[in-house]
Amino acid sequence: MKAAWKRGVVVLLPLSAFAVTSWRLAFIQDDAYIYYRYVANALSGHGFVYNVGERIEGFTSLAWLAYLLAWHNVGVDYILASRITGFVFGAALIVLTYWIGRRLSGRDNAQSAFLAVCLVGTNLALAYWSSAGLETALFAFLFDLSLLLFLQRQYLIIAVLAALVWTRPEAPFVIALLTLIELVIDRRLPRFMLRCAAVVFVLSIPGLIFHVAYYHSMFPNPFYAKVAFDLVQLTNGFDDAVQFSRHYAFFGIGLLIPIVLWRRLSNDVRSIWLLTVGYSAYVVLIGGDTLKIHRFFLPLLAPLAVLTVISLRILLHKMRPAIRNAVMLSLTLLFCTIGYVLPWKEVQASCENERALTYNMKQLYASMARCDSTRFSVAASTIGAFGFSAIDHVIIDMLGLADSTVAHHPENAVPGLASTWRERKFNAEYVLSRAPDYIVFSTGMKPSAPAEKALLQYPQFLESYRPMFYSSHLYPDTVAAVLDVSFKHVRPVVGRPEATYPVGFVEQLFEGEVRVSAGDYGGAIDAFNSAIIACGDRKPYVDLLYRKAICQVALGQGGAAYRLLNQILEYDSLAVGAHRDLYLTELHFGNVWKAEIHRRFIQALTPCELPALDSMALAAQRAH
């Protein structure tokens, strides 16, 4: 009893650090809202679907979806349940690290287990993902529990591996890896894992039947949307591994020292090392994670921490026990500090970006719904928070996570089309052929994802869609104002969509938007002019001209901007942005009859804008 009490106190400190950090980084990741939409549709009687009538598995964990649905059926909010559950399993992973450490360090060496727990409990990636609404912490816990049961050769691992299979599609690889490790370590037929794998396969058959019968696919749709098995994917995976190593370089001790001292290691330590290296290779092979902050490396935190502490003990074995323990404690505290401080700014920035994204997507839908009471359809590149808000609307996922056409039949990559996005598959021709009522970019006017940039090569998009500007909103806790923007379908898509505008036009337009965001309006005009030149003899993109006019206003070139805005309307009378600015301008100069013309176009195109515009005009007139 006394020993158990001591162990509890020992683990309590890292758990407290984890709890505080999780609270500071609390957010819901945008992809979690995809699960929430599936749950909401299931509760409405539509089945496990993202869009009603479309059986596409746009999620990666059937177990997580069923789990959230079960919580609702007992009267618990499934969104809250997803966050609390993630936090609980994150904490459970810390406790599990202690038992793995005890297993590998020996019962008489509890200090090593405690130090490993400290490395995991202070890890920012674990705190970041545990309460983000996804199954990440659950999968990491089951992964490491299966490792412990494998070392103990306990058949309880069958139940854990079965749960792992239902939780993430990586599970079959984990089972194969454990089987290979048993073969290598025992140098004989891996009877234990073969028996376990056979039973797990039988237990997994119902899930496999459900996948094939309900979704007509063995793998989740995101697998096809994200995985390409090419050099770019491999490079992305390597970059993910490098970033993880940069933040937690001290884990390298646990990977390198065992290689040198392999003969002195126990079979358990060899097993955990092989699992860590093998799974890391898998992460690199599949291209790493499209989401930031080391999500795919979470299952390896406990093995890496234990390996690092054991390696330190081996290196310092010639020291007197008291000195060795003091040195190990000091080094562990140093590693914990480095692992917390070094990635903090990046982790915090990513957290804030995710909060802003989900908040802005919800606000955008609210703005669109206020202006359009129909059940409009939307093509979007971020379908989480926006899709959950627009639960009654058809959402076309331009990245293919919840759209089988994009995932299975993507267009060829466009040479020279640069992007930092990992989701590289798109099918702009298909999106335009469906003629959604609105198209939403993840960053307003600026195209950033390949699926967004590719649209700008199609004259059908440039002619048929016009940006609609809604009331801006203030992001909480900041003074930053966000202007809601969507692209509205204003005229029919004529002819078969075909990409005819050059990549140079798209990239210069993107560069101009980047410079606008940075306040470099002169540089933005230069980029926009380059985009116009890149178009050659093609019809100029009126929204590009409009962005140029906005920059001219910012630089005090009002006359030039006024002329350009009128020129835009000569090209296209449906350019609502030009009508919007000219309405306020003409009222300012007392040209009421001209202002009324622009007001009528605004009334027809975006009537919800008029109250705010009329108020602005009235305030300007009074001030004048």
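This is a predicted model: local features need pLDDT of at least 70, side-chain atom pairs count only at pLDDT 80 or more; totals for chains, interfaces and linings use all residues.
Residues are numbered from 1 along each chain as its sequence is written, and side-chain values use heavy atoms, with hydrogens and water left out.

**View A. The salt bridge between Arg295 and Asp289.** A salt bridge is defined as a side-chain nitrogen of Lys or Arg within 4 Å of a carboxyl oxygen of Asp or Glu. The closest N and O atoms of Arg295 and Asp289 lie 2.8 Å apart. Both Arg295 and Asp289 are buried (buried means under 20% relative accessible area, exposed over 50%, and partly exposed in between, with a 1.4 Å probe and protein chains only).

**View B. The salt bridge between Asp520 and Arg515.** The N to O distance in this pair is 2.7 Å. Asp520 has a relative accessible area of 30% and is therefore partly exposed. Arg515, at 30% relative accessibility, also counts as partly exposed.

**View C. The salt bridge between Arg188 and Asp186.** Here the closest N and O atoms are 3.8 Å apart. Arg188 is classed as partly exposed because its relative accessibility is 42%. For Asp186 the relative accessibility is 25%, so this residue is likewise partly exposed.

**View D. A network of salt bridges.** Four residues, Arg466, Arg491, Asp543 and Asp572, are linked in this network. Side chains of opposite charge can pair when their charged atoms come close. In total, the structure holds 22 salt bridges.
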